[in-house]
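Trainee: Please take me closely through one part of this model.

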Amino acid sequence: MKRLFVILFMLNINISYVQSLEADIFVQSTVNRASDILSKNISKDEKISGLKEIAKETVDIKGVGYYSLGSFRKNLDNNQKKKYLTLFESYFLKSFSSRLSEYTNPKIDVVGKKILNNNYTIVNSLLVATSERPEIKIDWRIYTKNPENPLIRDLIIEGLSLARTQKEEFTSILNSNNKDVNVLFKTLEEFSKN
Amino acid sequence: MFRKLAIIIVTSILLSFSANAGSDGQLSLKENSSKNITETKDCFEKLNRATFAFNQGLDKAVIKPIAESYRKLPDPIQSGTSNAVKNLSNLITIPNNVLQGDVKTAIINTGRFVLNTTVGLLGTIDVANKMGFPKYEKEDYGQTLGAWGFGPGCYIVLPILGPSTIRDTAGSFTNVMGGDPFYNASIHGNNEFLSEGLFITTKALNGIDFRANNIESFDNLEKNSLDFYASVKSLYLQDRENKIKNNKRGNIDVIYSDEEDWEEINN
């Protein structure tokens, strides 16, 4: 009985270890992939296209989209949800890849992690300083509900959450337009087109 | 005398705004708890957006071009200027360290200031950093009011100076009401080395240095924002929240501030 308990205990530790390790490796491998694309001698459009592919695989775009809507998400019917998620994905991929494509050869080192609960692990990393900019601290909120397929839900740069900023931006647009979700849809559509 | 009176009147008005804002629970003394994060109200949004648009115009026409020219100066001049204005900010940081009960840091920052001002040639060389002093963290009177439990009050955008809150603006006024020794010595001191012009120049250089260090970040943010005003407001308020709580990387206060909303979204 005691032996069984020890085995189960060790197994549990091992499983936890694998989970937390996966979040670290997942982030490091994602940033390495992005870094490879950014340091390649290819056109900006090709870089953006490569970054979009990485984002599709590694970011929980649907989750970030719902989070960005805040409490407004509860007011949407199924058709609106479907339309919103399509528009949000186009907006997010364009915004995300455009932000990153400005960097050339960024080096990001994963330096630590903290498991918040079964669903979330925070991975700490550093964007290494260059002669043009100082070192930047980046924390990643990794959604680990499915340990085999961890996904990024937020980037916290020097303590500033990008998801929270986006959510407050969407809330501002809705509040300035009588909470009309169609105005937000139109704004997202125009951003993706331009 | 008249100017001082005007400053006192304006500050009093701002503080009375703060008192009114307090009626909705924003500015009353509150428990220092991460679960007690309140949304900062944008009470003057139309005026704020107009001021923001004015500031953007001013930035594009004057401030950004100056910042771009500043970036073309040789590195030693840029870093020397940056170090010197940062060194002067110790004079506001030190009293605020004391007011927040952090006497140890006040002593360290006093040592840093003395060392950099003397050996570091009026602060142009950060000798203390090279000697391994702890990383310098600026403090101001707005942060102290926050640390004492005062909420931010309403969000406001000041002409030229940019985003702020009622609390932070009131804190800034403390500088010109005796809280900034450099201001006191420059404006009221009887000496041949310091003057009002020098004080204004250091403040302008501080702004230009900040702008020059953030040209790409601001351009990128503006280009990728659906509502640039809302993005700047969000980032400013998050930054102040972190500074008041002295939050560092991965701090649980930041991570958990929106936890319930995230937990609802489980695909």
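Trainee: Through how many residues does a hairpin join S1(A) to S2(A)?

Mentor: The hairpin that joins S1(A) to S2(A) runs through 4 residues. This is a predicted model, in which local features need pLDDT of at least 70 and side-chain atom pairs count only at pLDDT 80 or more, while totals for chains, interfaces and linings use all residues. Residues are numbered from 1 along each chain as its sequence is written, and side-chain values use heavy atoms, without hydrogens or water.

Strand S1 covers residues 108-115 of chain A and strand S2 covers residues 120-127 of chain A; strands (E, at least two residues) and helices (H or I, at least four) are DSSP runs, numbered from the N terminus. The two strands pair in the antiparallel sense over 7 bridges, where pairing requires at least two DSSP bridges. Within this arrangement, A:Lys113 stands opposite A:Val123 in S2(A).

Turning to the partner chain, the contact (heavy atoms within 4.5 Å) takes 49 residues from chain A and 34 residues from chain B. About 3600 Å² is buried between the two chains, with carbon and sulfur atoms giving 47% of that area; the value is the accessible area (1.4 Å probe) lost on being put together, summed over both parts. The rule finds 1 salt bridge across this interface, a term for a side-chain nitrogen of Lys or Arg within 4 Å of a carboxyl oxygen of Asp or Glu. The side chains of A:Arg164 and B:Glu241 meet in a salt bridge at 3.2 Å, N to O. On the side of chain B that touches chain A, the helices that each supply at least two residues include H2 (45-71), H10 (215-223) and H11 (228-244). The largest share of that side, 8 residues, comes from H11(B).

Note on methods. Chains are lettered from A and ligands numbered from 1 in the order in which they are written.
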